[in-house]
Structures are given as C-alpha cells and as structure tokens.
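Please keep the sequence and the structure in view while reading.

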Amino acid sequence: MSGIVQDHSSQLHVLHCETLEIVPDPPIDMPQLSECQCHWYAGTAHSSSEVLRIKRAGKIVRLDYCTFVVSDAGQDMDVKLTVATVAGEHLAVYFGRLAELADSEQFLRHTLELRNVHGVVGTAVVFCAAQHRWTVDGQQPPARSPGEAICVGPEDVQASYVLQHIFPDGAPAPQESDDDQQDKSQELDLPDGNETKKE
C-alpha cells in the first residue's frame, strides 16, 4: 500500500468482542436477551452491535463485533462494554480503562465479566490493540477535536484495512456455538512495516 500518511499524534484502538456467554442461571430474566445488543463506550465514543437473539444461558454466542476508536496518542479513558435491550435498557456492564485493554500493537486477549447489581450475568472474550493513526493520500480523516474520542467504521481506510485482515472472508453473522476452541491466531501486516499479532 503506497501513499501512507502517518499521524503520530493520534491512535486507532481496535476493540474486538469475539464471543459472549451468559452464565448458567444468570441473575436476569432470559427473555430480556431474546433481542439485545452489545455496546462499547470509550470516553465520548460509542458504538453498538447488530441485534443479538440469545435464547439459552450457558452457550457461547459468536459476535465478532468490532469497534474502532480514534483518540489522542497516549490518551487513557473509561471504557464500558454493556449488554442492553434494543430499547436501551442496560442489563449488564463491564467497567475498565482503555489502557488496560489496548496498549500494544499486538492483540491482547481479555475475558471480561459483565455484571449487574446481583452478580455476573455473562463473560465476553475480547481482543484489543492500538496503533498509530494513518490514512492515505487524498483521503481526509473524520474531524476530531483534541481530547475527543470518536468511533470510525469500515468507511475509514485504516479500519477497513484491519477488518479485512481479521475477517478475510467477511465478518460472520452472530451465532450460537458449542465450541469455544476455535483458532484465534492471526497476523496483521501493517502498512508501516509493523506486525499486529492476534493469538
């Protein structure tokens, strides 16, 4: 890829929620999960997943829900991953910090507990990484104020490049799985010559 324009004053954070598992006998009414969504919040940035239909507790749902957050380089901020009804009622949440999840160009695997006031509702397996912001000649990145965090989608050239390497055949639709031992190894050859490795 030619014509790369580096921006070392900002970063792209990749937040990939791979799977969600509702614990057996969760402290929640399961019908509330019959149509729900996951949400990432990072500072002022927010994104939501496709609608999920979770019918049973104790089963792994393959999400492959990716969010791309652009912020100032080295900026840390509060992060939340939630499960909510489509009407916006939050049912369970993980609270953390962005630097704890994505502080390296190598994807880091985390298992996050999503809780409500009664206890653990489910666990999510996420892979997170960060890299310096880049674009290509002739393409203007979205406007962003200093200190602001924004989400970008597949229309962004850098986010699209990462998505194509995570999902070379396209992102699969969310589905329930009985097998959580799927191959999670993948390498991303970045245009600046660096490698981001997911393992």
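The points below concern a predicted model and are grouped by topic.

The structure holds eight salt bridges, and a search of the whole structure finds one aromatic pair. The largest nonpolar core has 36 residues, and another core, of 16 residues, lies apart from it.

**Nonpolar cores**

- Among the 36 residues of the largest nonpolar core, L20, W40, I54 and L81 touch the most other members.
- At least two residues of this core come from each of β1 (4-22), β2 (36-42), β4 (60-72), β5, β6, α1 (98-101), β7 (108-116) and β8.
- Strand β8 gives the most to this core, contributing five residues.
- When residues up to four places away in sequence are not counted, I54 touches L20, I22, M30, L33, S34, C36 and V61.
- The other core, apart from the largest one, has 16 residues, including F127, I150, A159 and L163.
- As general background, nonpolar side chains in soluble globular proteins tend to be buried together.

**Aromatic pair and charge over a ring**

- The one aromatic pair found in the whole structure is formed by W134 and Y161, which are arranged edge-to-face, with 5.7 Å centre to centre and 80° between the planes.
- The angle of 80° is over 60 degrees, so the pair counts as edge-to-face rather than stacked or tilted.
- This pair links distant parts of the chain, since W134 belongs to strand β8 (residues 119-136) and Y161 to helix α2 (residues 157-166), 27 residues apart.
- W134 counts as buried because its relative accessibility is 3%.
- Y161 is also buried, because its relative accessible area is 15%.
- Elsewhere, K80 lies over the face of Y41, at 4.9 Å from the ring centre.

**Salt bridges**

- D64 and R62 meet through their side chains in a salt bridge of 3.0 Å, N to O, and both D64 and R62 are buried.
- A salt bridge of 2.5 Å, N to O, joins the side chains of R97 and D78.
- R97 lies in strand β6 (residues 90-97) and D78 in strand β5 (residues 78-85), so this pair ties together parts that are 19 residues apart in sequence.
- R97 is partly exposed, with a relative accessible area of 29%, whereas D78 counts as exposed at 51% relative accessibility.
- D156 and R133 form a salt bridge through their side chains, at 2.6 Å, N to O.
- Because D156 lies in the loop between β9 (150-152) and α2 and R133 lies in strand β8, the pair ties together parts that are 23 residues apart in sequence.
- Both D156 and R133 are buried.

- Helix α2 is mostly covered, with eight of its 10 residues buried.
- These buried residues are V157, Q158, A159, S160, Y161, V162, L163 and I166.
- Two of the residues named here, A159 and L163, are also members of the core of 16 residues.
- D156 caps the N-terminal end of α2, where a side-chain oxygen of D156 lies 3.1 Å from the backbone nitrogen of Q158.

Notes. Residues are numbered from 1 along each chain as its sequence is written. This is a predicted model: local features need pLDDT of at least 70, side-chain atom pairs count only at pLDDT 80 or more; totals for chains, interfaces and linings use all residues. Side-chain values use heavy atoms; hydrogens and water are left out. Rings of Phe, Tyr and Trp (its six-membered ring) pair if their centres lie within 6.5 Å; planes under 30 degrees apart count as stacked, over 60 as edge-to-face and the rest as tilted. Helices (H or I, at least four residues) and strands (E, at least two) are DSSP runs, numbered from the N terminus. Buried means under 20% relative accessible area, exposed over 50%, partly exposed in between (1.4 Å probe, protein chains only). A charge sits over a ring if NZ of Lys or CZ of Arg is within 6 Å of the ring centre and within 35 degrees of the ring normal. A salt bridge is a side-chain nitrogen of Lys or Arg within 4 Å of a carboxyl oxygen of Asp or Glu. A nonpolar core is a set of buried Ala, Val, Leu, Ile, Met, Phe, Trp, Tyr and Cys residues joined through side-chain atoms within 4.5 Å. Contact means heavy atoms within 4.5 Å. A polar contact is a pair of N or O atoms within 3.5 Å; within protein, one must be able to donate a hydrogen and the other to accept it, and residues adjacent in sequence count only if both atoms are side-chain atoms.
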